[in-house]
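Have the sequence and the model open as you read.

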Amino acid sequence: MNIQISRRNVLLGSGALIVSFSLAGSMADAQVQGGTKPLTLTEVDSFLAIDGNGKVTVYSGKVDLGTGISTALRQIVAEELDVPIEHIELIQGDTLITPNQGTTWASVSVQVGGMQLRQASAAARQMLLSEAERRLGTGQLTVTEGVISGGGKKVSYGELVGGKNFAIKLDPKQPVKEKAPKDYKVVGRATPRVDIPAKMTGHFTYMQDFKVPGMLHGRVVRPAAIGAKLESVDDSALKNIPGIVKVVREGDFLGVVASNEWDAIRGAAAIRATWSKSETLPDQAKLWDHVRATKVAKEEVTSNIGNTSEAMGKDGAKVVKATYDFAIHTHGSIGPSCAIAEFKDGALTSWSASQATHNLRRQLALMFSLPVDKVRCIYVEGSGCYGRNGHEDAAADAALLAKAVGKPVRVQWSRADEHGWDPKGPPTLMDMRASLDAGGNVTAWEGDFYMPQQTPGGFLVPLVAATLSGMPAGNDIAPGNVFQNSAIQYKFANIKTVCKRLETTPLRPSWIRTPGRLQNSYANECFMDELAAAANMDPLEFRRKYLDDKRGLELLDRLVALAKWEKRPSPQKGVNGNVVKGRGASYVKYELVRTYIGAVAEVEVERSTGVIHVPKFYVVHDCGQIINPDGLKNQIEGNVMQTVSRTLIEELKFDRSRVTSLDWASYPILKFPQMPEIVIELVDRPTEKPWGAGEPTSAVVSSAISNAVFDATGVRLRSVPYTPAKVKAAIQAS
Amino acid sequence: MAKTKPLTVNGNRVSIDSDDPEMPLLYVLRDNLGLHGPRFGCGLGQCGACTVHIDGKAVRSCITPLSAVDSSAKVVTLEGLGSPEKPHPVQKAFIDEQAAQCGYCINGMIMQSAAFLATNKKPSDEEIKAALAENLCRCGTHARILRAVKRASSQI
């Protein structure tokens with residue numbers, strides 16, 4: 001046990017730091033006003049407060065991006081504290097009052113953020129019990145719904161600590177003992193999401209619904225080309241629009257502020273601006289030549305075992321080579337980004353659905369030359385973002401306009417803003433080589449992965465408004481740990497994988513669900529399948545041969561049973577007709593250290609048109625301890641559907657000047673008639689650590705489909721998306 | 001000059017002040033009336049997030065100008081369909097199936113489904129998919145939405 005009670009008098013009620021919260025303000029406000037709300041990761045009070053009525057307030061730096069973690073995090077706290085889930089309020093991503101637990105990404109909200117909350121809750125519970133022991137005079141205590149009983153007497157959490165600080169230090173090196181998983185009543189059970197009833201009835205307030213008093217509405221007039229200079233502005237047509245407040249021009253940033261939303265929209269459309277010609281983008285038809293010719297800023301060797309250059313092709317081993325590419329994708333949030341900003345008394349308050357409010361605060365402080373503590377960024381849940389989309393840029397737009405008019409301004413991006421200007425999942429190119437001996441054994445494996453560099457200094461994607469206006473801005477390239485899963489999970493004697501980190505990439509890069517892990521796993525798991533075919537082996541048997549990970553092997557056993565996998569090499573023989581069917585497998589251990597996913601895709605390929613349909617997709621998923629099995633299934637289903645869409649049809653289009661996929665017609669996503677049936681088996685391991693599930697399943701989808709198409713047709717698809725034109729051409733060439 | 005137009009929204013008679021008859025109904029509902037159900041998604045009638053009912057038919061409010069809405073028409077939004085306390089059978093089915101992730105598109109899914117089920121009470125899976133084909137969801141909640149509409153169809 002490691003609880004340092006630094007200010008025990010606080011809990012014991014000496015009155016030294018008693019905080020009044022009887023007014024409308026929350027516990028958080030009270031603590032802030034009292035100056036007692038700590039934010040460090042080593043204080044229980046950073047994460048938790050309990051008021052006099054026993055209501056628990058949880059302060060989470062991790063935010064719910066529509067994945068359901070606001071329910072999962074409540075479950076974790078409810079379990080550890082023994083309080084009903086309804087007694088918990090969750091405050092997310094407010095830089096003034098929530099601890100900085102890092103960006104909400106990479107499927108670590110439960111794995112990291114949730115475990116910090118579990119520790120804080122366990123420490124709080126321990127102290128509450130020891131205090132109850134003192135008050136009730138017995139150590140034989142039970143806790144039910146936040147009330148501690150013993151010796152025929154009762155005392156509630158609210159009575160013990162209500163409104164006061166815990167003042168307990170946490171030491172990650174000496175964790176507090178947590179509840180035994182065998183005693184769990186909330187964690188591990190399918191728990192209805194707390195946000196869903198309001199969302200189904202129009203009573204939920206998304207960022208897009210959020211309002212502040214006196215708020216005006218802003219819209220930005222986007223440049224005609226990336227890098228274009230604003231040459232002239234004719235706003236004479238705006239005099240007919242009654243609500244126009246101001247046209248704001250700052251460098252190449254052009255915006256309009258109006259008293260109401262429709263007038264802001266009309267105003268932005270009515271402005272006539274001329275822009276200089278700018279052609280900074282490569283010819284999309286030659287994108288992969290461009291990527292290959294881009295200067296390599298750094299070579300990152302992500303694995304180097306044995307000696308591949310010596311072993312490759314040695315003693316007559318057959319060398320197999322393949323090149324894969326993965327298109328530029330956009331996040332495609334259904335609700336375009338939205339933010340509100342207000343400057344007051346020299347300080348900036350920004351409301352947005354940013355996945356990284358603490359990072360956004362640094363960026364806005366830089367942009368407006370403010371000390372960081374003069375910027376408060378508050379998370380308000382928006383439409384799903386799947387990574388760093390346009391939320392932060394909308395926040396910068398709103399702040400720039402708010403400063404110009406001296407009033408709070410809301411900026412709602414248009415569909416064209418979101419498709420055209422949110423940062424993109426960068427193009428990725430992968431060269432694979434391996435050699436097989438006469439017995440079909442892999443003697444060497446090499447992979448070169450071409451992806452943008454990641455500049456030092458964090459994950460700060462430059463803000464569009466800062467770039468356009470010429471205000472202070474970082475110049476980072478921040479694609480988001482995209483090297484992950486370039487190294488492989490299979491045991492070969494000789495392996496070398498290298499990430500060629502490119503100096504530039506055509507469009508502002510960021511991260512989209514499963515960044516890098518999806519692209520790299522796609523190449524690795526397709527190439528593994530190519531080797532299995534070259535060795536004339538069943539693709540899953542071939543993988544098993546090079547695995548020694550027990551959990552991974554168990555997962556594949558379960559996958560074989562779930563998908564009724566028939567053991568045989570691909571492609572299948574004796575297939576006739578225009579519509580051919582096949583099945584393909586894929587397996588990934590996420591980042592080689594956590595969540596295991598195995599998948600089987602069933603496909604139908606119409607040979608005459610090249611159209612692929614995925615009628616069924618099987619997933620076996622092991623992320624250790626499961627917090628909310630229904631929430632987990634929801635995430636897995638989402639990963640599959642979204643990535644089937646990305647794999648089959650998605651590709652962002654651009655000309656030499658700008659993005660040309662500006663709506664859902666020019667960047668379609670998969671619709672209901674094309675949806676696969678998804679069959680899921682969860683492996684629950686209550687006594688293991690909980691790992692993430694928000695993105696790992698996406699890593700297996702593109703490869704499973706490609707491998708299934710090979711099984712059906714004998715044709716390898718090595719270029720995402722697998723558009724009908726590409727598929728038809730590949731079939732005709734075979 | 002601002003003109004006043006009466007409308008019936010969720011059973012209430014309201015008057016809308018607007019100087020532009022071409023203003024889409026979406027902004028009337030969201031900004032003039034403060035409703036959260038209909039959502040801005042594309043402004044192009046491509047995604048369905050803004051769907052409302054006009055006289056029982058599912059309509060894309062983002063491309064429906066105020067001038068095109070008859071004052072005698074009955075406009076119903078997600079809020080008018082049901083409440084958290086008394087949800088419409090389709091809303092209840094979506095809650096029971098936990099058919100949302102971010103939930104931003106769900107207004108359109110529910111409004112489209114409710115209008116569809118009013119005309120086809122026992123649809124097949126394929127008919128439901130066809131009815132929702134022009135409603136986009138990026139989170140990939142399709143399997144749950146399909147189950148929810150099936151569930152609702154058995155309860156209407």
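The radius of gyration here is taken over C-alpha atoms, and the globule rule is 2.2 Å times the number of residues to the power 0.38. Chain B, with 156 residues, has 15 Å, which agrees with the value near 15 Å for a compact globule of that length. This is a predicted model: local features need pLDDT of at least 70, side-chain atom pairs count only at pLDDT 80 or more, and totals for chains, interfaces and linings use all residues. Residues are numbered from 1 along each chain as its sequence is written, while chains are lettered from A and ligands numbered from 1 in the order in which they are written.

Here's chain B in brief.

| Chain B | Value |
|---|---|
| C-alpha box along the principal axes | roughly 50 × 30 × 25 Å |
| Buried residues (20 or more other C-beta atoms, placed from the backbone, within 10 Å of their own) | 56% of 156 residues |

Chain B has six helices and five strands (DSSP runs: H or I of at least four residues, E of at least two, numbered from the N terminus). They run β-β-α-β-β-β-α-α-α-α-α from the N terminus on.

Now the contact between the chains (residues whose C-beta atoms, placed from the backbone, lie within 7 Å). Chain A puts in 47 residues and chain B 50. On the chain A side, helix 18 of chain A gives the most, with eight residues.

Definitions and conventions. Contact = placed C-beta atoms within 7 Å. Buried ≥ 20, exposed ≤ 12 C-beta atoms within 10 Å, placed from the backbone.
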